[in-house]
Amino acid sequence: MKYVSQNICGMLGISCYIIVDTFFISVAAGTDGITVLNLVLPVYSLIFAIGSMIGVGSATRYAILKGQGKENADRYFSNAVFWIIGISIPFILTGIFAPDKVLRVMGADAGIMALGQDYTRIFLLFTPFFMLNFVFSAFVRNDKAPTLAMVGTMTGSLMNVIFDYIFMFPMGMGLKGAALATAASPIASILICSIHFLQKKNTVRFVMKKPDAWMLVQSCQLGVPAFIGEISSGITTALFNFLILGLVGNVGVAAYGVIANLSLIFICIFDGIAQGAQPLVSRYYGQGKPDACRKLMRLGIGTAFIFGILIVLGVWAFTDPMIALFNSEQSLEMAEYAHTGLRMYVFGFLVAGFNIVGTGYLSATGNAKTSFLASISRGFVAIAVFSILLSRIFGLEGVWCSFAASEAVTAVITAWALGRNGRFHECMGRGG
């Protein structure tokens, strides 16, 4: 439970800086600033998804192999670092030469492109740090130092908030300042996590061998739920942006920007539960202790369900104050869209926690195929089908309720996958 609670605290730290970042942008640049942020959120999600897949997947392989006493476990850390550096290069080149094209592809008009070009360029240039942050925190957490990983995450979030204010207001840098502050966050987190590698209790070793593609594939297989957890919000945001632009225009996208940023907070809570339990689940699985694995799964799913109920109740009780935080221009149209949308959208979190924790458990116990099936439904297939179908039938309200519909369908698949996993554990226990 200590691992889970500490990781939730760390993810809530991320949530705090998301909220503060969005608030400062709304004050400095109004609804257009929020529109810029929401249009580039899918790119952020792609960067975070790749880093999370490689980082969490490699650390999971490391924990399983360490539990089994395998000597090649140490290679997974250095392999992850090398591959992330290489994968970051296209993002950096895009930031240097074509940030405006990124915004155009995401649906920005000329005014939004002019406003968001520098913001997009800056955060793309810092892609390696965003990705490496997932690797460092995941390995530190799996090497029995969850407190330090949490401190690293919280420190990064705090630095973001502090630099947000300094760069955007006293220094008057606007959106460029927001991008620089966001870039400072992973650097601070990596520096804090690096302390672990200087301590005697550290068991993670950096191995100077050339990158191994097969080790990367093995890592990514177990990192798929983490990838889907990050990329699903980006895909949902991109798809919703295009649908909403066609229905009501930029104001609707700004309203969805409020919803999307609040939903990232809720997703962070569930990710915190899943990632906090992962090191213990992987260790027990590697040691052949299925009963301990199942106990952690039940605890995680129960905790996620409680948080889901609290999220729904909290949003319905404080809908308008939440929206007002990001509506510095006091746009009645934006407030109306966001009010209806947030209250409909939030019902998806009653089952989203079950899906995130469930697929994370499947990955932590080496069930890459079933984990992938449940994850791909949640992150790609179901949300695409329901958002397009329901928006054509019900318009904007159909967009808002498609998230809950897709999570409900995915919950059925996740429950089936966990049932299969449970039967495997029973056989494993009898075999032991």
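Guide: The lining of the largest pocket consists of Tyr 62, Ala 63, Lys 66, Gly 67, Asn 142, Asp 143, Lys 144, Thr 203, Pro 279, Arg 283 and Gln 287. Two elements each give two or more residues to this lining: helix 1 (2-67) and helix 9 (250-286). Helix 1 gives the most, with 4 residues. The model is predicted, so local features need pLDDT of at least 70 and side-chain atom pairs pLDDT 80 or more, while totals for chains, interfaces and linings use all residues. Residues are numbered from 1 along each chain as its sequence is written, and side-chain values use heavy atoms, with hydrogens and water left out.

A pocket is an open set of points on a 1 Å grid over the protein atoms alone, where a 1.4 Å probe fits, with protein on both sides within 12 Å along at least five of seven lines; lining residues have an atom within 4 Å of a point. The space in the largest pocket is about 170 Å³, a volume filled by probe spheres set on points joined across faces, edges and corners.

By type, the lining holds 3 nonpolar, 4 polar and 4 charged residues. Here Ala, Val, Leu, Ile, Met, Phe, Trp, Tyr, Cys and Pro count as nonpolar, Asp, Glu, Lys and Arg as charged, and the others, Gly among them, as polar.
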